[in-house]
Amino acid sequence: MAVSPVLIGTAAAYGLGSFKPLNALLALLVALFLQIGVNYANDYSDGIRGTDDQRVGPVRLTAAGIAQPHQVRAAAFLCFTVAMLAGLILIMASQAWWLLLVGLACVLAAWGYTGGKNPYGYLGLGDVFVFVFFGLIATLGTTFTQAGRLSWEAGIGAVSTGLIAVALLMANNVRDLPHDAEVGKRTLAVRLGDRNARFAYVVMLAVAILLPLVLAFAHPWVLLVILVVPATLQPAWIMLSGRSRKALIPVLRQTGVINLGFSVLYSLALVLARGF
């Protein structure tokens with residue numbers, strides 16, 4: 001999920017006639033360490049709240065007692081620090097100083113998902129923030145720090161990869177829906193209900209993959225993204241068939257593969273449209 005928006009953003013920058021490998025690498029470091037950091041932060045915050053006491057998915061460090069809460073929190077802050085340092089170097093390289101505010105917002109959003117007194121992840125807003133930060137900001141920020149401007153290709157790629165990231169979160173939250181409802185974690189999946197949340201997952205994947213086709217008249221290579229459709233069939237069927245919570249665990253991995261496959265094909269299309 002961290003690699004995909006950076007890949008698309010870099011390809012979009014190339015399409016605008018600019019490719020800066022160092023900036024792309026720095027953007028990737030920011031995205032990776034923010035994602036790792038937010039996972040540690042969620043582990044810590046959910047663990048001390050007791051939200052993970054009856055977890056269906058993989059083991060969490062804090063809830064399982066594998067690590068002390070302060071150690072998990074320190075790991076989160078270390079990742080955020082690395083992300084901020086990489087982001088600062090990226091801003092200096094691109095001279096886009098206004099991105100300092102965006103970077104600060106990213107770190108605050110990463111912690112505030114499940115941390116603090118009023119975590120927005122418990123209010124059903126996590127999906128919105130994932131779309132904004134792991135879709136729009138990660139993709140468009142990557143493009144802007146290399147090309148100094150944006151394009152429709154960057155915007156459409158940002159929306160698509162953001163929707164797939166939200167779909168992954170939806171699958172995760174459908175898996176955890178019963179327990180989340182019990183402990184007062186009002187995710188969007190809880191608010192929609194099991195059936196509607198499963199349907200929303202499929203709709204988001206469909207829109208994400210079909211949206212780039214609006215560019216097909218100008219960039220026929222964009223039709224390559226259709227090749228990712230077969231990979232969506234199994235996870236979509238698992239979600240729609242109402243399978244058990246444990247059966248949804250592989251859907252998370254499959255959705256991540258879908259996002260990576262989509263980003264590779266879409267990025268390849270943008271590069272081929274520009275030419276070498």
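User: Does serine 267 count as buried or exposed, and at what relative accessibility?

Analyst: This is a predicted model, and in it serine 267 belongs to helix H12, which covers residues 249-274. Buried means under 20% relative accessible area. Because serine 267 has a relative accessibility below that cut-off, it counts as buried, at 5%.

User: Which backbone oxygen does the side chain of serine 267 reach at 2.6 Å?

Analyst: Leaving aside neighbours within four places in sequence, serine 267 is in contact with Leu7, Ile8 and Ala11. A polar atom of the serine 267 side chain lies 3.3 Å from the backbone oxygen of leucine 7. The backbone oxygen that the side chain reaches at 2.6 Å is that of serine 263.

User: With which side chain does the side chain of serine 4 make a polar contact?

Analyst: Serine 4 is found in helix H1, residues 3-15, and it is buried, with a relative accessible area of 1%. Not counting residues up to four places away in sequence, serine 4 touches Thr161, Asn259, Leu260 and Ser263. The polar contact, at 3.4 Å, is with the side chain of serine 263.

User: How far apart in space are valine 271 and tyrosine 14, C-alpha to C-alpha?

Analyst: Valine 271 also lies in helix H12 and is buried, with a relative accessible area of 18%. Once its neighbours within four places in sequence are left aside, valine 271 is in contact with Ala11, Tyr14 and Phe276. Valine 271 and tyrosine 14 are 257 residues apart in sequence, yet their C-alpha to C-alpha distance in space is 6.8 Å.

User: What arc around the axis do the buried residues of H11 cover?

Analyst: The buried residues of H11 are Thr232, Pro235, Ala236, Ile238 and Met239. They lie on the same side of H11, because the arc they cover around the axis is only 160°.

User: Which exposed residues does H11 carry on the face turned away from its buried side?

Analyst: What covers the buried residues of H11 includes helix H7 (152-175), helix H10 (194-210) and H12. The face turned away from that buried side carries the exposed residues Pro230, Leu233, Gln234 and Trp237.

User: How are H10 and H12 oriented to each other?

Analyst: Two packed helices are described by the angle between their axes and the distance between the axes. H10 and H12 pack at an angle of about 10°, and their axes are 12 Å apart. The contact is made by Tyr201, Leu205, Ala208 and Ile209 of H10 together with Val251, Thr255, Ile258 and Phe262 of H12. Angles under 35 degrees count as roughly parallel, and the orientation of H10 and H12 is therefore roughly parallel.

User: What is the phi of glutamine 95?

Analyst: Glutamine 95 sits in the loop between helix H4 (69-94) and helix H5 (99-112). At 52% relative accessibility, glutamine 95 counts as exposed. Although glutamine 95 is not a glycine, its phi is positive, at about 60°.

Key: Residues numbered from 1 in each chain as written. Predicted model: local features only at pLDDT ≥ 70, side-chain atom pairs only at ≥ 80, totals over all residues. Heavy atoms only, no water. Helix = DSSP H or I, 4+ residues; strand = E, 2+ residues; numbered from the N terminus. Buried < 20%, exposed > 50% of the residue type's maximum accessible area, 1.4 Å probe, protein only. Polar contact = N/O pair within 3.5 Å; in protein donor to acceptor, adjacent residues only side chain to side chain. Contact = heavy atoms within 4.5 Å. Arc of directions from axis to C-beta. Axes fitted to C-alpha atoms, helices over the stretch in contact; angles between N-to-C directions. Parallel < 35°, antiparallel > 145°, perpendicular 65-115°, else oblique.
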